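Here are my notes on this one, as promised. Have the model open while you go through them.

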Amino acid sequence: MVKQVRVSSSKVCLVLDSIRGRPVEEAQAILRFLPQPSARTVAKLLNSAVANAENNYQLLASELRIARVYAGAGPTVRRFRPRPRGRVGRILKRTCHITLVLSGEG
């Protein structure tokens, strides 16, 4: 799980939909060639999850599959920009939390 990624969850979900349910090697190859900037963050999360599975649970990377992956909304940072006639325009800088769960194929 990675928290407070500075991208909205709707943009990250486009990347997550392309790797959901796939084997780890295939998902890594897909993420390497996706043009979205959030694909790099998801790739780092996937590599970290694979390393944890190998180190903590003695699982092989070739036997791992992405069981669940989703992005939920995180805290929204609010900024203000001056507008005409003394008003303000609100700028919402959205964040998200990405969760990735791996499972063994066997």
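1. A word on terms before the details: contact here means heavy atoms within 4.5 Å. With that in mind, Ala 73 touches Ser 9, Thr 95, Cys 96 and His 97, leaving out residues up to four places away in sequence. Keep in mind that this is a predicted model, where local features need pLDDT of at least 70, side-chain atom pairs count only at pLDDT 80 or more, and totals for chains, interfaces and linings use all residues. Residues are numbered from 1 along each chain as its sequence is written, and side-chain values use heavy atoms, with hydrogens and water left out.

2. Staying with Ala 73: this residue sits in strand β2 (residues 64–73). (Strands are DSSP runs of E, at least two residues; helices are runs of H or I, at least four; both are numbered from the N terminus.) Ala 73 is exposed, with a relative accessible area of 64%. For that scale, buried is under 20%, exposed is over 50% and partly exposed is in between, using a 1.4 Å probe and protein chains only.

3. Now Ser 8, in the loop between β1 (2–5) and α1 (9–19). Ser 8 is buried, at 16% relative accessible area. Setting aside neighbours within four places in sequence, Ser 8 is in contact with Arg 94 and Cys 96.

4. Which residue has the cysteine sulfur nearest to that of Cys 13? The structure holds zero disulfides (a disulfide being a pair of cysteine sulfur atoms within 2.5 Å). For Cys 13, the nearest cysteine sulfur is that of Cys 96, 7.8 Å away. Cys 96 is buried, with a relative accessible area of 0%, while Cys 13 is partly exposed at 25%.

5. Last, the largest pocket, which holds about 200 Å³ of space. (A pocket is an open set of points on a 1 Å grid over the protein atoms alone, where a 1.4 Å probe fits, with protein on both sides within 12 Å along at least five of seven lines; lining residues have an atom within 4 Å of a point. Points are joined across faces, edges and corners, and the volume is the space filled by probe spheres set on them.) The lining has 14 residues, with Ala 49, Asn 52, Ala 53, Tyr 57 and Leu 102 nearest the centre. α3 gives the most to this lining, six residues.
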